[in-house]
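Colleague: Could you take me through this model and tell me what stands behind the words you use for it?
Modeller: Gladly, here it is.

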Amino acid sequence: MRIWGLIVVVALGTVLTKTLGPLLAGGGSHLRRSAESSLWSPRL
Amino acid sequence: MNRSGWTPKTWPEGLRASIPLALPVAAVGMTFGLLAAPVLGAVPSIVLSAAAWAGAAQFAALSVVASGGGTALAAAAGLLANTRFLPMGFAIAPSMTGGPLRRFLKGAVLSDASFVIGNRGGGRFDISALVWAFPLQYFPWIAGTIVGVVGATEIGDPTRWGLDVLFPVFYLSLLLPELFPDRFQGHRRRMRQASRSDGRGFALVRQRPIIVALLGATITLVLTPLTPTGVPIVVAASAALIGLRPAQSAAGAGDEA
């Protein structure tokens, strides 16, 4: 039973650490900057 | 082609770039299955690989359980190893578009390999390439784990086959294009673009990863015998803070180089 608890905690922790940045930091600032510099044109 | 003139052809690039990594990922997954099956059990080992899909965290948690540590300590070791995904997630976030659900899903498929594959230099990431690197990382990882679990008795000690060195070699293969861009033309081109867009000299952009790698390796070597599993990785990641050096002074140094 403890092993399953370990699996749940590690799995949830992994998803949380991976998605916290994308959820909190918003999106698009680099894309806008890239469009302005035209060095790496984004999908708009 | 869209209004900005960019043809969205990056997803095959992500898929293609991840092909050479599929076999090593499967082999590392097999090593995990081999080591985990006797400790965690067959089914929990496979479920852990499928649900967590985080090699470093899985090995960290496994090493604690295998050495007789409690599950709380094992979970802490696993979570500590995963904290590297926090700065990685914040790094890719500005390159993302879409609502919270789409950003959540794209973040969830983040891995060390896809982070490298999607990196376009200058702090920018090709999220399509990053996302399409996912299938050939995730499924070989699970398949490898299953093979390791099923063949645990036949294969026996992983050190006998040299499987124990695969994990560090895999990460080294991800770092090589950063360290030696001259030998990786595509990577060299991206770094040149990054150095131009940031107003930094190419020479400095090329030197910086080497300095970070050496500093990170030194920190890891010093801390490994002194701290619990997972701590050296997190502290060594602080070496990347060198990247915060102001572009102004970096440009000057780069011009001199």
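Colleague: At what angle do helix α1 of chain A and helix α6 of chain B pack, and how far apart are their axes?
Modeller: Helix α1 (residues 2–24) of chain A and helix α6 (residues 100–108) of chain B pack at about 135°, with axes 8 Å apart. The axes are lines fitted to C-alpha atoms, for helices over the stretch in contact, and the angle runs from 0 to 180 degrees between N-to-C directions. Before we go on, this is a predicted model, where local features need pLDDT of at least 70, side-chain atom pairs count only at pLDDT 80 or more, and totals for chains, interfaces and linings use all residues. Residues are numbered from 1 along each chain as its sequence is written, and chains are lettered from A and ligands numbered from 1 in the order in which they are written.

Colleague: Why is α1(A) called oblique to α6(B)?
Modeller: Angles under 35 degrees count as roughly parallel, over 145 as roughly antiparallel, 65 to 115 as roughly perpendicular and the rest as oblique. The angle here is about 135°, and that makes α1(A) oblique to α6(B).

Colleague: Which residues meet there?
Modeller: From α1(A) come Val15(A), Lys18(A), Thr19(A), Gly21(A), Pro22(A) and Leu23(A), and from α6(B) come Pro100(B), Arg103(B), Phe104(B), Lys106(B), Gly107(B) and Ala108(B). Contact means that C-beta atoms, placed from the backbone, lie within 7 Å. By class, this contact has 6 nonpolar, 3 polar and 3 charged residues. Ala, Val, Leu, Ile, Met, Phe, Trp, Tyr, Cys and Pro count as nonpolar, Asp, Glu, Lys and Arg as charged, and the others, Gly among them, as polar.

Colleague: What makes α3(B) roughly antiparallel to α4(B)?
Modeller: The axes of α3 (residues 55–66) and α4 (residues 71–82) of chain B come within 8 Å and cross at roughly 155°. That crossing makes α3(B) roughly antiparallel to α4(B). Among the residues in contact are Ala57(B), Ala61(B) and Val64(B) of α3(B), with Leu73(B), Ala77(B) and Ala81(B) of α4(B). The contact divides into 11 nonpolar, 4 polar and no charged residues.

Colleague: How do you know that Ile117(B) is buried?
Modeller: A residue is buried if 20 or more other C-beta atoms lie within 10 Å of its own, exposed if 12 or fewer, and partly exposed in between. Ile117(B) has 26 C-beta neighbours inside 10 Å, so Ile117(B) counts as buried. Ile117(B) is found in helix α7 (residues 112–118) of chain B. Leaving aside neighbours within four places in sequence, its contacts include Gly14(B), Ala17(B) and Leu130(B).

Colleague: What is the average pLDDT of chain A?
Modeller: Chain A averages 75, and 55% of its residues score at least 70. Over residues 38–44 of chain A the pLDDT is below 50. This is the predictor's confidence in each residue, from 0 to 100.

Note on methods. Helix = DSSP H or I, 4+ residues; strand = E, 2+ residues; numbered from the N terminus. Contact = placed C-beta atoms within 7 Å.
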